[in-house]
Amino acid sequence: MNALVAKLARDLPAMLGLAIVLFVLLLAVFGPWLAPYPGDASASHLLRRLKPPTADFPFGTDNLGRDIFSRVILGARGALAIALTVVGAAMVIGVPLGLLAGYRGGWLSETIMRVTDVVLAIPQLVLALALAQLMSPSLESAMLALSLTYWPFFTRIVYAETRRLSSSMFVDALRGVGAGTPRIVFLHILPNALSPVIVRATIGLGFTILVAAVLGFLGMGATPPAPDWGLAIAESRTYLPRAWWYATFPGLAILITVMGFNLLGDGLRDIVDPRIRRSR
Amino acid sequence: MSGPILSVRDLSVLLGGRRGFLRKPVPPVKAVNGVSLDLHEGEILALVGESGSGKTTLGRTILGLQRENAGEILLDGKSVAGLSPEAARRARNAIQYVHQDAGAALDPWWNIGRTLAEGLLIHGVKDAAERMERVRAMLSAVGLDPESARRYPHEFSGGQLRRVLLARILLLQPRILILDEPTSGLDMSVQATVLNLLLDLRKRFSLTYLFISHDLSVVARLADRVAIMHLGRIVETGFAKDVFARPAHSYTRELLNAAPRLSGRRTSDGMFAGQTAPVGAVSRA
Amino acid sequence: MIPALDVRNLKVSIRTDEGIARVLDDVGVTLERGRIVGVVGESGCGKSTLIRAVMGILPKGANVDAGEIWFEGENLLAFSENELNERVRSSRIGFIPQDPLLALNPVFKVGTQLLEVMRWHAAGSRRDHVARLVMLLKRMQVPDPETALERYPHQFSGGQRQRLLIAAALACAPQLVIADEPTTALDVTTQHQILLLLRELVAEFGISLLFVTHDFGVVAELCDDLCVIYAGQTVEAGTVESILQAPSHPYTRALLACHPDRATSFVGIPGMVPSPLARPAGCLFAPRCGDVRPVCREATPGQGRARSGAAVRCVQFT
């Protein structure tokens, strides 16, 4: 374990990613206490609308006079909440299906994988828009759509890993020693299959934040007055290019956060693979 | 001397084969083709053959993980054939298998203490403290530091992993060990240590070995009896020193002729001239 | 007569995460023309690094600290990468790798791969190259040599693939061939045929062969000369006959005593090979040596000569 952590520590981009992720996590948890104007999550101060960045308002104010700096900080909570819920739900659905399909084979496995293929073909945004129409646009409809379209990625990974591990020598040795199927699948195959899943989940968090931002931008996700980053960019459109700060800072928040997750995910992938693939 | 501890009669195993549904049907291969052999208590029987001879399939079938298509398997005179892999393993618990690649046979995410204890847990030892005690005792018995139970497979050398593997199955108190190429890929000095350990363990735990190998030098030194396998059949069986001194079957002669020997370039008849008795010879009562 | 290959006092170190590993710490191998030398050592002794150094394909982070590699009168270490590619590899030094399956690209026909190498290094037209390859394949006893070139690697058995690679190594008529444990992955009978074949080819084509292995039996069957490597150092070198009959260095003696053909009991060699990251002072084998004396731990022994004529790195012979 220590060797893995040490190796990760040597990977500068991964460390940068980890720092960003931890920072965003910090903002998400302690946002209301860190933001200078926590009330600006909802309150409006029309007297100071569209002010450029100053010492009092480092990122300027938006069209309702709300401090963009505070709203960016407060938006972290929403972004992470969506990301964790979506990826979490996708894993809960996808991982067991992958295990089931990978271990036994036969028609059950074929059926699961074909269903997975079909769902993979559904574009996330299109489904989100469709659900928004059915359920009325909200954060919930966005999260549902994203979860329903993300689980196949996990199923595929877990399926491939389970298949590989089922025919591995240590599983064979376990069968020789008398281990039953539940023990083999849950105590041995699952932990070994989780490593690529964790990598995928990390990158998926970043990806989900991006897609959620797009949905917010389209008005199909978070609704006003939520301090959602995508929503802020949507609202800023009419005031560009004069109020450049309105779109720039929420945009940068999205960029840096997604990049942070991607860098961390890449770093995790590097430390996870060699350790397992290399025998002895 | 009573009957053999393990007996195999006319065993056949078919592998591969695909029924045609949307694909072209492929006929199965007779990996094991009507094999009969006896294993006597306390002996080392070597199963010698090249790749494709069926020796690994035969080993796995005797173990139970591979289901036989025809034939009889008798353990202590009782039939244990015709069972599913899980049932077969339960019925033939006295037989355990030592894999060729020791590192690959261990779960990389479990420390070896836990891996060793797992076998005991599966076989009903409920008390965790008792399991740990037995694990530590067995680690010492195979020449490893009991404290190393906390470590993970990748922290051990190849030779040490082999000991871990042996410890794991010895904890299950087997009577017959099927050893799959225990010396292949090992350095000469490590090989000697492993063979020494195997002989020592056999004496201490009263074991019987089915020793699968293609290394004739090792087999000549270690085995009491030898069975030569070729294309799914056993072509010759007998006491090792007899078979190597006077091979009857042409394939046996071919194998002996091809095996690299320290004595260097072939003599014209290619036999093992001047062979002394095997190191692990057991005197028959 | 200058030797085909003369590696002298080669020292190679590799930078690793845990420090500097002295993988080769004064290795010498002499291969006379037209002869076969076996380089024997256990895993971790540095024989793969030795081959890589000769071929010029050391990994990143590896550094040649000292020594020379004399090939036909020129020091290979002084060559640039380009010069090695154009003037040495394949054309004058052929290479037979350990695993034929890994060495051949599975998506290209065998002929395409072999001809590609010849196009770079050998003179003549494509038709000449094909003719030479077919001749070689026939000599290797590959069935249907004419159509063999049109097949893919997976359509051959392990032994046949290794023959293809031997043909590839000889395709451009090199003077020296380096074989890296080419028979380890093969069956006993196949190995026997390949070893016989190599013997014949050496005589017929007049090449010199450097054969790396960990199997003394193979060395006894194939090689003329022998070089034993322990922990990155040459400890004994001489003819196969003399060393097998009368091994001098304690490590050679201990190793041969482990071989089932000579073992009276199975003992192994106590202790472990020193890690290349932490070399003890003095003789590297001293911690495990049965004949150790106080002076062994103080200074590295120099090169001596045994009665058998072999060069031995042991204080008993200096």
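Q: How many helices and strands does the secondary structure of chain A come to?

A: Helices (H or I, at least four residues) and strands (E, at least two) are DSSP runs, numbered from the N terminus. Chain A comes to 10 helices and 0 strands, in the order α-α-α-α-α-α-α-α-α-α along the sequence. This is a predicted model, in which local features need pLDDT of at least 70 and side-chain atom pairs pLDDT 80 or more, while totals for chains, interfaces and linings use all residues. Residues are numbered from 1 along each chain as its sequence is written, and chains are lettered from A and ligands numbered from 1 in the order written.

Q: What does the C-alpha trace of chain A span along its principal axes, and what percentage of its residues is buried?

A: The trace spans about 75 × 45 × 30 Å. A residue is buried if 20 or more other C-beta atoms, placed from the backbone, lie within 10 Å of its own, exposed if 12 or fewer, and partly exposed in between. Of the 280 residues in chain A, 46% are buried.

Q: Which residues touch the most other members of the largest nonpolar core?

A: In soluble globular proteins, nonpolar side chains tend to be buried together. A nonpolar core is a set of buried Ala, Val, Leu, Ile, Met, Phe, Trp, Tyr and Cys residues joined through C-beta atoms within 7 Å. Here the largest core has 264 residues, and B:Ile178, B:Phe211 and C:Leu210 touch the most other members. Helix H3 (residues 68-104) of chain A gives the most to this core, with 18 residues.

Q: How do the axes of H6 and H8 of chain A cross?

A: Axes are lines fitted to C-alpha atoms, for helices over the stretch in contact, and angles run from 0 to 180 degrees between N-to-C directions. The axes of H6 (residues 139-166) and H8 (residues 181-218) of chain A come within 10 Å and cross at roughly 155°. Therefore H6(A) is roughly antiparallel to H8(A), a term for angles over 145 degrees.

Q: How many residues of chain A are in contact with chain B?

A: Two residues are in contact if their C-beta atoms, placed from the backbone, lie within 7 Å. By this criterion, 16 residues of chain A are in contact with 21 residues of chain B. On the side of chain A that touches chain B, helix H7 (169-177) and H8 each supply at least two residues, and H7(A) gives the most, with 7 residues.

Notes: Parallel < 35°, antiparallel > 145°, perpendicular 65-115°, else oblique.
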